[in-house]
Amino acid sequence: MYLYFIRHGQSENNALWAETNSNEGRSHDPELTQIGKEQTRLLAEYFKGAMEPLIKDGDAYPYCTPIRLTHIYCSLMVRAVATGYILAQALKLPLLGLGDVFETGGVYQRDPETGLKVGLPGHGKAFYKENYPKLVLPGSMNPDGWWNRDFEQLEERPERARRALKHILELHGGSDDRVALISHGGFYNLFMKALLGMPEQSDHWFTLNNTGITLIQFTEEWVQLAFCNRTNFLPVELVT
């Protein structure tokens, strides 16, 4: 299996932080900005024509082959769904929602009086049906809102990343599938630490820019990290 871990395009919250260095006024589930949409359009063009280095049969040196994605998954947060939807439409593939690959914390907003982070329901089936009708939702999804939980605490997150990695391997491990996973920067760090067997609360941080791509190849013998945070398909002014 070849796993392309991709961060969503720039969101309204990303732009807010870049402009103000503050979360004041953040959305609990932000949309893509115009920059984010353009990043995602270029991401789709990249996947339509790019060649990638892949390891085959234990060779020490990679060879190049066209990318032919077979599956596209996304978290159920709007910025990831919107990114995945543009990519899936361009490549004429289904977009499959995954419940466990959301950003750390879940869907929440800070209470202005107490300062506590309060969990919110998240969007329900009707929202996705109206706005992203070709998104394939998980069968277990709550129709009234996919989150419907308290703010996700730090100690809950590493196990979720391990569970998501295990699930993807159960679905595609041992195959030649080329899988794109559209997710988030915080979750990417959890996922990479689970993959590499790193301490859960280590101080290491793996940077992943908006629409940045990390390619991980799983073989019977090893896990090959081919590249991290590739953004060469974006002009410099669109790297966020």
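Buried means under 20% relative accessible area, exposed over 50%, and partly exposed in between (1.4 Å probe, protein chains only). The model is predicted, so local features need pLDDT of at least 70 and side-chain atom pairs count only at pLDDT 80 or more, while totals for chains, interfaces and linings use all residues. Residues are numbered from 1 along each chain as its sequence is written, and side-chain values use heavy atoms, with hydrogens and water left out.

**Exercise 1.** Let's work out which residues of β10 point each way, and why the strand is largely enclosed.

*Solution.* 
1. Strands are DSSP runs of E with at least two residues, and helices are runs of H or I with at least four, numbered from the N terminus.
2. Ile 213, Leu 215 and Gln 217 point one way from β10, and Thr 214, Ile 216 and Phe 218 the other way.
3. Six of the six residues of β10 (residues 213-218) are buried, so the rest of the structure largely encloses this strand.

**Exercise 2.** Now find the strands that pair with β10.

*Solution.* 
1. Pairing requires at least two DSSP bridges between two strands.
2. β1 (residues 2-7) pairs with β10 in the antiparallel sense over five bridges, and Leu 3 stands opposite Ile 216.
3. β11 (residues 223-230) also pairs with β10 in the antiparallel sense, over five bridges; here Phe 218 stands opposite Val 223.

**Exercise 3.** Finally, check the length of helix α2 (residues 34-49).

*Solution.* 
1. The expected span is 1.5 Å times one less than the number of residues.
2. Buried residues in α2 include Gly 36, Leu 43 and Phe 47.
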